[in-house]
Amino acid sequence: MNELKEFKGNIIGFIRSGVHPDNVLAYQKILSEIGIEIFAVCEDKNEKEQYDPSIKVYCLEDWLKENYDKVNTQDLKCYQSKYSEYNLWEIYYTDRYIRYKYEYKDAVKLIILIVTFWENLLESKKNVYIVSDCIIGVTNFIGMIVGKSMKIPYISMPTGRYKQYFTYFSLDEGYKNHVFEQLLLSGCPITKEEIREAEEYVKSYIKNKKQPSYMDSTVMESRQISKTLISYLKKIKNISYLWDSRFKNKYDIHLYKGCKQRLDPLIEAVRKPIIQKFFHEPDYNEDYILFPLHFQPEASTCVYARKYENQLYFIEQLTKSIPVGKILYVKEHFVRQGHKPLSFYKQVLKYPNVKLISPNVSTHDLIRHSSFLIVLTSTMAFEALMYGKSVFICGNCFFENFSGVMKIQDVYDEKQKFLNPPVQDREL
């Protein structure tokens, strides 16, 4: 609390996609005691209704509905010029919801309206900070861009890989670890006790073959036909939701054209047994490079690895770039098996130096026997560092400055780097 007193008289805005409404109410009770005002930002009316009435909420859906017909699509160039540090089309495609739903004119309107939503909101505030868990879509991203132009700090607080750890970042698309940078600049004054604890953690991680917490989540579990059908039967009395009028509401970017998403669980469950025929078991005597696939659409690719978020394209570039004599092991993500179309796997199998690896294979064993890893943003790379493995990354990760990691912007143009993987220095 004493550390926050310097913010007295300021205003903090919490973005809904990163902060739960119950948390915001708790923040309000705590921060109001030291004179800090707060507000919330959400994307639709359904989210807005989840907040306590005492909290001021700014809703994007309300703004879209009020201003949609007032927008001149020709103004897009003006806004692009105003925020020239970023390509607004690139930012538009970071959103997992709206990118597949809107035609050109509507997409242009959305870009302009989200920019003006943030301009209108932030220009009305003084001494304001924006807080979210991380940049996870176009609303957050444009909020950061507009705020940055006004010198408004964007603070993000993503959770760590394991439940008991949190990491804190700010600006630069939410993944510039300022705490870590300060440690590097100060010469990393780490105590012997901290080193001992770190070594014990690595030993424990390897010995117990720890798994990330999301693998225990029922929300992210792989679909099974029987369970999926039972869940649909339980909801049969509410089947009318498939004709929910909100699916036709173009101002609600989450639910608009969302009827198909309600059928995704069934589609995934049907696909899951079919795709098993595409997978190989690993041969640990082979000289292989490991590339873990991401679940999509997610911020891990469409935000933090925008150049290569088309993973099929990325794999094709790797097939032309990895050293001759090595095999590329492409491991499907354990979560939500069946979310990719069959055509994806068929195309991957056409590359002679690629093998698709079953999602059920132990990541620990795959990492331990690999030559090195190539990832977009996968935290499997962070796990690989525990084993002392070399890592190449092609996106924005919190561990990109760690020893043993090399960042590559273009795998084809920089393929010579694969001949000399980075060597990890355990002292760093």
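**Entry 1: the whole chain.** Before counting, I noted that helices (H or I, at least four residues) and strands (E, at least two) are DSSP runs, numbered from the N terminus. On that basis I get 16 helices and 12 strands for the protein chain. I remind myself that this is a predicted model. Of the 428 residues in the chain, 48% are buried. I also looked up the accessible surface, which comes to about 22,100 Å², with 53% of it belonging to carbon and sulfur atoms. Among contacts with a separation of 6 or more, 68% are between residues 24 or more positions apart.

**Entry 2: the sheet.** In what order do the 6 strands of the open sheet come? I read β9-β8-β7-β10-β11-β12, and the pairing is parallel. At the edges I find β9 (354–357) and β12 (405–407), each of which pairs on one side only. From one strand to the next, the twist averages 25°.

**Entry 3: β8 and its neighbours.** I followed β8 (327–331) to both sides. Toward β7 (288–292) I find 5 bridges, with the two strands running parallel. Here Tyr288 has Ile327 of β8 as its bridge partner. Toward β9 there are 4 bridges, again in the parallel sense. Leu328 stands opposite Val354 of β9 in that pairing.

**Entry 4: cover on β8.** How many of the residues of β8 are buried? I find 5 of 5, so with buried meaning under 20% relative accessible area, the strand is mostly covered. I recalled that side chains in a regular strand alternate between the two faces of the sheet. On one side of β8 I list Ile327, Tyr329 and Lys331, and on the other Leu328 and Val330. Every one of these is buried, Lys331 included, and both faces are covered.

**Entry 5: a helix across the sheet.** Which strands does helix α13 (residues 311–319) lie across? I note β7, β8, β9 and β10. Relative to β7, the helix runs at about 165°.

**Entry 6: β10 and β11.** Last, I checked the pairing of β10 (residues 372–375) with β11 (residues 391–393). These strands run parallel and are joined by 3 bridges. Within this pair, Ile374 stands opposite Phe392 of β11.

Note on methods:
Residues numbered from 1 in each chain as written. Predicted model: local features only at pLDDT ≥ 70, side-chain atom pairs only at ≥ 80, totals over all residues. Heavy atoms only, no water. Pairing = 2+ DSSP bridges. Axes fitted to C-alpha atoms, helices over the stretch in contact; angles between N-to-C directions. Contact = heavy atoms within 4.5 Å. Buried < 20%, exposed > 50% of the residue type's maximum accessible area, 1.4 Å probe, protein only. Areas by Shrake-Rupley, 256 points an atom, 1.4 Å probe, with all protein chains shown as cover.
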